[in-house]
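I opened the model to look up a few points of its secondary structure and wrote down what I found.

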Amino acid sequence: MRKLTAYLVVIISTCWTCTSHGEAKDVNVNPIGPARDVNELQFEGEAPAPNALECLWYRRPASRWEEALPVGNGRLGTMVFGGVAHERIQLNEESLWDGGVRDTTNPEALKALPEVRRQLFEGKNSEAAELAGRTMMGNPKGVRSYQTLGDLRLSFPIDGTVTNYRRSLDLGSGVATTEYESNGVKYKREVFASHPDQTIVIRIEASHPGKVALYAAIMRQQDAVCVSEDGNRLALRGQISAPRSAAGALAGMHFEADLEGLAEGGMVTSTDGSLRVEGADAVTLLLTAATDYRGADPAEQCRNTIEKTRPLTYAELRKRHVSDHEQLFLRIALHLGSEEAYALPTDERLSRVADGASDPALAALYFQFGRYLLMGCSRPGDLPANLQGLWNQHINAPWNSDYHTNINLQMNYWIAEVGNLAECHEPLFDYMKSLVASGERTAQVHYGCRGWVVHHLSDLFGFTTPADGVWGIWPMGAAWLCEHPYEHYLFSGDKEFLAKQAYPLMKGAAQFMLDYLVEDPRGRLVTCPSHYPENRFRKADGTESMFTYGSTMDLEIIHELFTNCIAASETLGIDEGFRGDLKKALDKLAPLQISPKTGRLQEWIEDYDEPEPGHRHMSHLYALHPAHQITLRGTPELADAVRKSLEYRLSHGGGHTGWSRAWIINFWARLEDGEAAGKNVQALLAKATLPNLFDNHPPFQIDGNFGGAAGIAEMLVQTHAGEIALLPALPKEWTTGEVRGLRARGGFEVSMRWRAGGLTDANVLSKLGGPCRVRAKALAGVHGPDGRVTLDLPERDVVLFDTQPGKNYTLTF
C-alpha cells in the first residue's frame with residue numbers, strides 16, 4: 001500500500017488547511033486536483049459521445065472550476081472535476097453565509113430626504129449625491145459573502161496511461177459520470193445530489209473485483225477541522241470567523257459536512273481525518289451537510305440524514321433520485337434541427353460556434369441546461385438562487401454571491417413559469433416574505449413610508465437598506481420582485497395563492513411606492529431620489545451623474561406594480577379604496593417619453609446625453625421585457641423607440657456581459673425579430689459561455705443562464721399580450737424543430753412542430769378551461785375532444801376558441 005500512502009501524503013500536505021480554526025489563506029487548489037492528471041497522466045483514445053442527447057460531455061478532466069460540472073438538489077451542490085488520480089468535488093450548502101441579522105437602518109436618511117429632493121429638483125445633482133452618500137446609506141452599507149463549504153478530495157492509485165476517458169453530465173437524470181480505462185480495468189464514477197434523500201452520492205466501480213482503492217478527505221480553506229468518526233466516517237466541523245461579541249463568543253454560523261463510505265468487498269477505515277478504501281469491488285460515498293441557520297444542530301442534522309440514507313442500496317438511491325429529477329426535467333423537450341454535432345464534446349462545439357459555426361442543437365442544450373440549473377439550486381422549502389445559483393468556490397465571492405435585486409435575482413426566475421418549473425419559483429416567494437419585516441422598518445426609518453422596500457441587494461439575513469454607494473439608493477427592488485408572484489398567478493390561475501401570498505406582497509410594495517412618489521416641478525408624480533441601474537448621464541453643463549429623479553425604469557416598474565395590484569384586487573373583489581388610490585397615482589405618473597432628438601426611448605426624466613452609450617444595463621427597456629407596458633401591436637410608436645434604443649446601444653458595444661446579452665435575446669424576441677434574437681443567442685454561446693456552459697459575466701454569474709433560457713422560450717412562445725403567439729421570433733437557422741410542454745399564461749401548455757420555418761401541427765392543453773386566443777400563421781383549424789372547434793377570427797392570423805379544463809386542442813396548418 002505504499003502508493004496509496006504516497007497519494008495520501010500529497011493530498012493532505014498540498015491542500016488547504018483543515019485541522020483547526022484559523023485564517024489559512026485561500027491557496028491555489030488546482031495543482032493538487034485534476035489539473036495534475038493532465039500533466040502527469042497520458043491520455044489515449046477518443047471515447048464516443050454518451051447515448052443521452054441532453055448531455056454535456058468532455059474527453060479530459062476539468063483543469064479549472066469553470067470546466068467542472070454542477071450537480072445540485074436545491075440545498076446541496078457540488079462541482080465535479082472528473083479527475084483520474086486526483087479528484088476534486090467542490091461542495092456547497094445553500095445557507096453557509098458570513099454575517100447575521102443586523103439593524104442597518106439609518107435615521108439620518110429621513111432627515112436628509114427633503115433637502116436631497118430639493119437639490120435634485122433644482123438640478124444640483126452632484127450636491128444631492130454627496131449629501132445622500134453621507135446621510136442615506138445603511139449602516140453598515142453592505143453584506144457579507146455566501147461561502148464555499150469546502151472540497152471533497154479523492155486520491156486513487158492510478159498512474160501511467162489512461163484510455164477512453166470521458167466525463168459527462170446527463171441533464172435528464174442529473175448524474176455526473178467519469179469513465180476511463182487504466183491497466184486493463186474500466187473505472188466508473190457517478191455523482192448526483194439526491195433531493196429525496198438530501199444526500200450527495202458518489203459511486204465508484206471497477207470492471208474487475210478488488211480494484212477500487214482510494215483515500216478521501218474533506219477540506220476547507222479556513223474555520224474548520226476534519227475528524228474521523230465511527231470507523232468509516234469523516235466529519236468536517238466549523239464555525240465562520242466573525243468579530244467577537246462582548247461576551248467573547250464567536251457569532252459566526254456553525255456548519256458540518258459528514259462523509260460515510262460503504263464498500264462492497266474490501267475494507268473502509270477512517271483515521272486522522274481521512275477515509276481509506278482498500279480492495280473493494282465498489283464503494284458508495286454518502287455526503288451530507290448542514291448549518292445552524294434555521295436553529296437546528298448541524299451535527300445532528302447530518303447524523304439523522306446519513307442514518308436514513310445508509311440502509312438504501314446504491315440502486316435504490318439512484319432510482320429515487322432519478323425519479324424525482326425526471327418528474328421535473330421531462331416536462332419539456334426541445335429539439336432544434338440536426339443533432340449531428342452532438343458527436344463532438346461540448347467544449348469543441350462551443351469553440352466551433354465561437355469560430356462562426358451554426359449549432360442550433362447547442363442552443364437547445366443551453367435551454368435545457370438553464371432548466372437543469374434552476375432545479376439544482378431552487379427547490380420548494382430551500383433558499384432562492386443567488387448570483388451563482390448555489391455553486392461557489394470562494395470564501396469571499398465576487399459580489400459576495402449575494403441577492404442582487406436590480407435585475408440579477410429577478411432574471412434567475414424568468415425561466416421558472418414558461419419552463420414548466422413553477423415549484424422552483426417558490427423559494428423566491430418565501431424569500432420575499434422573509435424580507436418584509438426588515439423592509440417595513442427601512443421604509444419607515446429611511447423614508448417615512450408605509451409598506452416594505454428593498455434596495456439593490458440583500459443577503460440571507462434580511463438586509464434591505466441602501467448599500468455600496470449612492471447608486472444603492474434605489475428603492476425599487478421590492479416593487480420589481482413583486483412581478484414574480486403575480487406572474488405565477490397568471491400562469492397558474494391559483495386564486496388562493498393570489499389572495500394569501502402574492503397580493504399581500506404586492507400591496508405592501510405598492511403602499512411604499514404611493515408614499516414615496518412626489519410631485520416634480522411640473523406636477524408629475526416621480527420617484528425622488530432615483531437612478532438608472534447602473535448608467536450615468538451627462539447634463540448640458542457637461543457634468544455627469546447617475547443620481548436624479550423619475551428615471552424611466554422606476555416609472556415602468558411602478559406602472560407594472562400598480563396595474564397588477566389593480567387587476568389583482570379586482571379579481572379578489574377587495575380593496576376598492578386602495579385600488580382607487582392606485583388609479584389616481586397612475587393618472588399623474590410621469591409618462592414614458594420618446595426623445596425628439598434621437599427617436600429613442602428616454603432613459604431619464606430629461607433628455608440627457610449618455611457618456612457610455614454601450615453600457616451593459618438597458619434598464620429603460622423594462623416596459624418591453626419583462627413587463628408588457630410596451631408591445632409591438634399595442635404601442636407601436638413606443639416599440640419603435642425601443643428598437644432604436646436597442647440598436648443604438650448594441651452599435652456602441654452593449655451586451656458585452658453574459659446576463660446583458662441574455663436580456664437582449666428577450667428584447668428582440670418581444671420585438672418579433674427572429675434573426676436579431678438568433679444572432680444574440682449565437683453571441684451568448686460564442687462570447688459569454690464558459691466550457692461547462694456556465695454564463696460568463698465575467699466572472700461566472702448564473703443569471704445569464706436563466707435569462708438566456710428564457711429568451712429561447714420567448715422566441716418560441718409568447719403569452720404576455722393576452723394571446724398565445726406561436727413561433728413569434730424564429731430565426732432561419734432554426735428552420736426545423738419541435739418543442740413539448742412550454743407553459744403559457746392563462747393555464748395552458750403548448751407543444752408544436754415545424755418544418756421549413758412553418759408550423760406543421762401544435763397542441764394546446766387547457767388546464768383551467770376558458771377562452772384561448774392563438775396567433776399563428778397559416779392556421780387551418782382546431783380540433784378538440786368533441787371534434788372540430790368553432791372559431792372566432794378577430795384579426796388576421798388570430799383565432800379565438802373556448803376550452804374545457806384538462807382537455808387537449810390540436811391545431812392544424
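My entries on a helix pair, a single helix and a sheet follow.

I worked from a predicted model, in which local features need pLDDT of at least 70 and side-chain atom pairs count only at pLDDT 80 or more, while totals for chains, interfaces and linings use all residues. Residues are numbered from 1 along each chain as its sequence is written, and side-chain values use heavy atoms, with hydrogens and water left out.

**Helix pair.** I looked up H3 (residues 108-121) and H4 (residues 125-135), whose axes come within 9 Å and cross at roughly 175 degrees (axes are lines fitted to C-alpha atoms, for helices over the stretch in contact, and angles run from 0 to 180 degrees between N-to-C directions). H3 and H4 are therefore roughly antiparallel to each other (the term applies to angles over 145 degrees). On the H3 side the contact (heavy atoms within 4.5 Å) includes Ala112, Val116 and Leu120, and on the H4 side Ala128, Leu131 and Ala132 are among the residues involved.

I then followed H10 (residues 426-447), whose 22 residues reach 30 Å from first C-alpha to last, close to the 32 Å expected at 1.5 Å a residue. H10 has a kink of about 40 degrees centred on Val436 (the bend is the angle between axes fitted to the seven residues ending there and the seven starting there). Gly448 follows H10 with a positive phi, near 65 degrees.

**Sheet.** I traced an open sheet of seven strands in the order E4-E5-E6-E7-E12-E17-E16, with antiparallel pairing (two strands pair if DSSP finds at least two bridges between them). Its edge strands are E4 (69-72) and E16 (267-271).

Definitions and conventions:
Helix = DSSP H or I, 4+ residues; strand = E, 2+ residues; numbered from the N terminus. Parallel < 35°, antiparallel > 145°, perpendicular 65-115°, else oblique. Expected span 1.5 Å × (residues − 1).
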